Amino acid sequence: GQSLEQPSEVTAVEGAIVQINCTYQTSGFYGLSWYQQHDGGAPTFLSYNALDGLEETGRFSSFLSRSDSYGYLLLQELQMKDSASYFCAVRDEGNQGGKLIFGQGTELSVKP
Amino acid sequence: DVKVTQSSRYLVKRTGEKVFLECVQDMDHENMFWYRQDPGLGLRLIYFSYDVKMKEKGDIPEGYSVSREKKERFSLILESASTNQTSMYLCASTSGHGYTFGSGTRLTVV
């Protein structure tokens, strides 16, 4: 079957760095994405990795290792507003903009 | 501001009713999706469409159908609502790597 594994909860303090891991097992792989969802809100797109390595966008970075079927989202200089759920998602077919398989989500709590 | 609009934020329906959830996007995207979100289960794909009048089953299509008569509109239909279809329903569209999601419809079936 197809599955994505990520921790259910992570807690960190303001100003710290936190890493949210995601391992995947899918029939195909055409990229790993990350989404943020605040309580009661819609998921919003954060990042996309198709090739191995680190992609940086401001305080957020995303990493991919295809040989390990593993990626992570790194959040630096944590702020209270970063408290949210974070989902990793894999595109398992070659159609750009194709369907995504989502992980169960990681709830990040940022404490003062 | 580009967006995906879902017609209702909250809905309460009775068991056995036929329910229509509407989704409209203004970004001229080819690809549209319906997911349901339940605590601890993440987002699960119900149906998707890569073109007008085209539809494909996702991972959990049972009890649902869809309609895509126009490019901008993708409707989810619950043929006969059941209590196990109580959930948050999210519509999304894309033409590239990132999805744009609607605000969701929280459906309660009583």
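A disulfide is a pair of cysteine sulfur atoms within 2.5 Å. The legends below treat a predicted model, in which local features need pLDDT of at least 70, side-chain atom pairs count only at pLDDT 80 or more, and totals for chains, interfaces and linings use all residues. Residues are numbered from 1 along each chain as its sequence is written, chains are lettered from A and ligands numbered from 1 in the order in which they are written, and side-chain values use heavy atoms, with hydrogens and water left out.

**View 1. Disulfides over all chains.** The structure holds two disulfides. Such a link is a covalent bond between the sulfur atoms of two cysteines.

**View 2. The disulfide of Cys22(A) and Cys88(A).** The two sulfur atoms lie 2.2 Å apart. The link is right-handed, with 75° about the S-S bond. Cys22(A) sits in strand S3 (residues 18-25) of chain A and Cys88(A) in strand S9 (residues 84-91) of chain A. The pair links distant parts of the chain, 66 residues apart. Strands (E, at least two residues) are DSSP runs, numbered from the N terminus. Cys22(A) and Cys88(A) are both buried, that is, under 20% relative accessible area (1.4 Å probe, protein chains only).

**View 3. The disulfide of Cys23(B) and Cys91(B).** Here the S to S distance is 1.9 Å. The link is left-handed, with -75° about the S-S bond. Cys23(B) lies in strand S4 (residues 23-25) of chain B and Cys91(B) in strand S10 (residues 87-94) of chain B, so the pair ties together parts 68 residues apart in sequence. Cys23(B) is buried, as is Cys91(B).

**View 4. The interface of chain A and chain B.** In contact (heavy atoms within 4.5 Å) are 20 residues of chain A and 22 residues of chain B. The buried area is about 1700 Å², and carbon and sulfur atoms give 55% of it. Buried area is the accessible area (1.4 Å probe) that two parts lose on being put together, summed over both. In chain A, Gly97(A), Lys99(A) and Phe102(A) lose the most area to chain B, together 27% of what that side buries.

**View 5. The side of chain A that touches chain B.** Strand S4 (32-37), strand S5 (44-49), S9 and strand S10 (100-102) of chain A each supply at least two residues. S4(A) gives the largest share, three residues. By class, the residues of this side are eight nonpolar, nine polar and three charged. Ala, Val, Leu, Ile, Met, Phe, Trp, Tyr, Cys and Pro count as nonpolar, Asp, Glu, Lys and Arg as charged, and the others, Gly among them, as polar.

Terms used
Helix = DSSP H or I, 4+ residues; strand = E, 2+ residues; numbered from the N terminus. Buried < 20%, exposed > 50% of the residue type's maximum accessible area, 1.4 Å probe, protein only.
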